[in-house]
Structures are given as structure tokens and as C-alpha cells.
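Here is a short note for a first look at this structure. Please read the points with the model open beside them.

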Amino acid sequence: MAAALLLLLVPLIGLLAILAFLTRPHAARIPLKGRHVFITGGSSGIGLAMATAAAREGARVSILARNLARLEEARAAIHRDSGRNDVVGVHAADVRDAGAVARALEEAGPVDVLVCNHGVFASRELERQGMDEIRWMVDVNLMGTFHLVKASLPAMKARARETRLPASIAIMSSQAGQHEMIAHNIHVSLIFPPDTKTPGLEEELKSRTELTNIVAGSSGRMKADDVAKKALDGIKSAKFIVPCNFEGEMLAAATAGLSPQSSPLMAFIEVIGAGILRFTALLFPVELVLYHREVLCQEPEEQVIAQ
């Protein structure tokens, strides 16, 4: 019995040892105390919660959003909730405006941790969205992120060389060039929050479709403070993918693909568990299948009524 158990364990331990050698980049810790954290979408929701948490940890915080009045309210809230009165800079700019973003970052000074938390979403099926809405989402979510990363990188690289401390770029539900950045001691984190109780979600729910409710609702909702804690913990641990709940953990392991992995244990779980997780994923969207069948059954009737 012992021999059989040993034969079973040897290949697993061998695989774990190989993964420990292969995993890149190596694990790192991103300190926040005494460093500059720049957060977009920082006037409310997850961004405000992250800014408050970072200030509590001793970071100098800068927040960027479009509305200056709301930014001032957010600054007062951060001062109140963090107990610190000299650590928050506010910058009113639209991330779609590359010049305004560059000026805001120049005014804020070199950044150690950049959190691209801005984002918009037209909550309708694609065929019902106008091209102006699609351009709006691309300009804010994609181009806005490029504007921020491009404007912050030169000073961020120089600061990382000067301090010899790792820096971080964290992006909410998007991607960036991790392998290019790591050569400059700058780590990239992709944060995937579920539905989060924020003013933005309240606005989105007013027009969100039933299909979107099924997809997003399957993982439940989280408080902004809880998402902020998960996000900051992931940033400080230099994680590439930062899930915020159990479903997110499963999704991250199942879709790891070519993404970098610094934890040998997580790499082991991804390698061993990929097949099991894939099978689980095939069973998971039962509600979606039922919804699709219901829509298909209704379509002929709707067409007859239309005729």
C-alpha cells in the first residue's frame, strides 16, 4: 500500500518541482506604504474603495475621474475614512483625451501603482447597440487604458530603476503586455470583479437584459470594499490574474492559457485541474441553455405577430 502511494506521489512531486523551475515571473511583493497609487474611476465604487484602502496602508493616492465636484467629495471621504489628510490628489480628466491624461499624470508625479479602474458598458445585445455606443466603449475601456499606460510608463520605469522596488499596472477586465513590463520590474495585474454594488451597477441594471442578468448573476454580487481588498491583495502579491470570488478562481484556472504564473502551486492546479474544470464548465451554464430554448420557442410566435 505504501509503495503504491509512493508511486502515485513521485510523478506529482516531480511535476510540482518542474513547475517551480518553469513558473515566471518569480513571486514578488508590491509594497504600498510610502508609494504613489494612481486610480482612475476613483470618485465612486471600486475605485474609491481601493483608494481608501491604499491610503489606510500608507500610500499617497491620486484619483482621476471626469467630475471635479465628485472627486472633491471622494477626497473628503478618503480623508475621513483613512484618518489621513495629506495624501489624496484629485485630477479631473476624460480618459479618452490622451492630452488631458498626460497632463494629469505629469501633475500627479511618477506613479508606482497604476490602477485602470475606469469602464463603461452598454447593457444591450450587440445587434441592438449603435455604432456610436460601441465606439464609446472602445474609446473609454480600451483606448483610455492605452492612454494611461503610455503616459505613465516612462516615469514608472525610471522610478522602478531608481528605487529598485517592483511597480504595478492593474487593469480591470482587460489585458496588457506583461512580458514587456516585467523586464522593467513592473508587474501587470488583470482584475476580474463580479457584479459589484456601485452607482455604476445601479445605472446599468436599469437597462440590462435578462441574458446579461443570468450570466452576471451566476456569481453573485460583492461589496465594493470586498472587491477593493481582493484587488489590492492581488496587486501587492504581483498576481497576473486577480479573481475576486470562487467562480473567478475557477475561471482563472480554467482559462490560464499562455498567461504567466508565478505560483508553482497554482500552476500545478492549472495543469492537473484543467480537464476537470473544463468538464465542470460544460455543466455550469444550464440557465443559459434554458433561456436560449425559451427565446427560440418565442421567435416564430413573435414573427407571426409581426407579420
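1. Helices (H or I, at least four residues) and strands (E, at least two) are DSSP runs, numbered from the N terminus. Leu-5 is found in helix 1. The model is predicted: local features need pLDDT of at least 70, side-chain atom pairs count only at pLDDT 80 or more, and totals for chains, interfaces and linings use all residues. Residues are numbered from 1 along each chain as its sequence is written, and side-chain values use heavy atoms, with hydrogens and water left out.

2. Leu-5 is partly exposed because its relative accessibility is 48% (buried is under 20% relative accessible area, exposed over 50%, partly exposed in between; 1.4 Å probe, protein chains only). Leu-5 belongs to a nonpolar surface patch of about 610 Å², together with Leu-8, Leu-9, Leu-12, Ile-13, Val-271 and Ile-272. Such patches take residues with over 30% relative accessible area and no salt bridge; nonpolar side chains (Val, Leu, Ile, Met, Phe, Trp, Tyr) are joined within 5 Å, like charges within 9 Å. Areas come from the Shrake-Rupley method with a 1.4 Å probe; for residues, only the protein chains shown count as cover. Helix 1 (2–22) and helix 11 (264–283) each supply at least two patch residues. Helix 1 gives the largest share, five.

3. The largest nonpolar core has 38 residues (buried Ala, Val, Leu, Ile, Met, Phe, Trp, Tyr and Cys joined through side-chain atoms within 4.5 Å). Among those with the most contacts inside this core are Val-37, Met-50 and Ile-235. Elements giving two or more residues include strand 1 (36–40), helix 2 (45–56) and helix 9 (224–236). Helix 2 gives the most, eight residues.

4. What does Ile-235 touch, leaving aside neighbours within four places in sequence? Its contacts (heavy atoms within 4.5 Å) include Ile-30, Met-50, Val-115 and Ile-191. A second, separate core of 25 residues includes Leu-105 and Val-111.

5. Helix 3 has buried residues including Leu-71, Ala-74 and Ile-78. The buried residues of helix 3 pack against helix 2, strand 2 and strand 3.

6. The whole structure holds eight salt bridges (a side-chain nitrogen of Lys or Arg within 4 Å of a carboxyl oxygen of Asp or Glu). Arg-75 pairs with Glu-72, closest N and O atoms 3.0 Å apart. They are three residues apart in helix 3, so about one helical turn separates them.

7. Lys-236 bridges to Asp-233 at 3.8 Å between the closest N and O atoms. Lys-236 is buried, at 13% relative accessible area, whereas Asp-233 is partly exposed, at 31%. Shared partners join Glu-57, Lys-229, Asp-233 and Lys-236 into one salt-bridge network.
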